[in-house]
Amino acid sequence: MKILTVSALVCALMALTTADAVQEAEATKDQTDQRQLVKRPIYCPSGWSRFRGRCFRYIPRAMNWAEAEKECQSMNANLASVHNIEEYHVIQRLILTATHGYKEAWIGGSDAQMEGTWQWSDGSRLSYLNWCSEQPDNNFFGQDCLQMNHGGNNCWDDTKCSSHLPFVCGKEINGFLD
């Protein structure tokens, strides 16, 4: 009877020890999984500059507006939209750093779909404006695309989309990677 009791006790201890080992292994696996799920911020790709959750890149190669937009799209971006004065200054500094001047460049504004209704090519709302005095004027038929750093005030001007200018691409940083 004592042998049976001791045997039963040994079996029970082995079962408990095995259960503890399984629970410990599962807990360790859960901790490892938790560490792997820690969120890491996404950074802008090489050659891009980050500002408040967005990435910008100045491309010095002159193209017409449509070609520039297509080039930005090939980098999973659009011609840059500008939502406030701080973003505008960041983009201006990108151009200044690359060219040592405030060179005219394409950004993503256009009223080609409906004259007088300006839209950003990335679909975001156009609420911040930095038009030069008496602009946009569509002075010469077909001035449907937005260039920045125009004139002495480095403001916006509508110009022909067929003009060849360098350009600035912009894209959102999509939060975090797992």
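**Exercise 1. In the predicted model, determine in which sense strands β3 and β9 pair and over how many bridges.**

Solution. Begin with the two segments, strand β3 at residues 54-63 and strand β9 at residues 165-172. Their pairing is antiparallel and runs over seven bridges. Next, consider strand β4 (residues 78-79), which pairs with β9 in the antiparallel sense over two bridges, and here L79 stands opposite C169 in β9. Finally, ask how covered this strand is: seven of the eight residues of β9 are buried.

**Exercise 2. Describe the geometry of the aromatic pair formed by Y88 and W156, and decide whether each residue is buried or exposed.**

Solution. A pair of aromatic rings is described by the distance of the centres and the angle of the planes. The structure holds five aromatic pairs. For Y88 and W156, the centres are 6.2 Å apart and the planes stand at 70° to one another, so with over 60 degrees as the cut-off the pair counts as edge-to-face. As to location, Y88 belongs to helix α3 (residues 85-99) and W156 to strand β8 (residues 155-159), so that the pair links parts of the chain 68 residues apart. For accessibility, the cut-off for buried is under 20% relative accessible area; Y88, at 1%, is therefore buried, and W156, at 0%, is buried as well.

**Exercise 3. Carry out the analysis for W118 and W131, and find which cluster holds them.**

Solution. The ring centres of W118 and W131 lie 4.9 Å apart, with 65° between the planes, and the pair is edge-to-face. W118 sits in the loop between β5 and β6, whereas W131 sits in the loop between β6 and β7, 13 residues apart. W118 counts as buried because its relative accessibility is 13%, and W131 counts as buried because its relative accessible area is 19%. Both residues belong to one aromatic cluster, which is formed by Y88, W118, W120, Y128, W131 and W156.

Methods
Residues are numbered from 1 along each chain as its sequence is written. This is a predicted model: local features need pLDDT of at least 70, side-chain atom pairs count only at pLDDT 80 or more; totals for chains, interfaces and linings use all residues. Side-chain values use heavy atoms; hydrogens and water are left out. Buried means under 20% relative accessible area, exposed over 50%, partly exposed in between (1.4 Å probe, protein chains only). Helices (H or I, at least four residues) and strands (E, at least two) are DSSP runs, numbered from the N terminus. Two strands pair if DSSP finds at least two bridges between them. Rings of Phe, Tyr and Trp (its six-membered ring) pair if their centres lie within 6.5 Å; planes under 30 degrees apart count as stacked, over 60 as edge-to-face and the rest as tilted.
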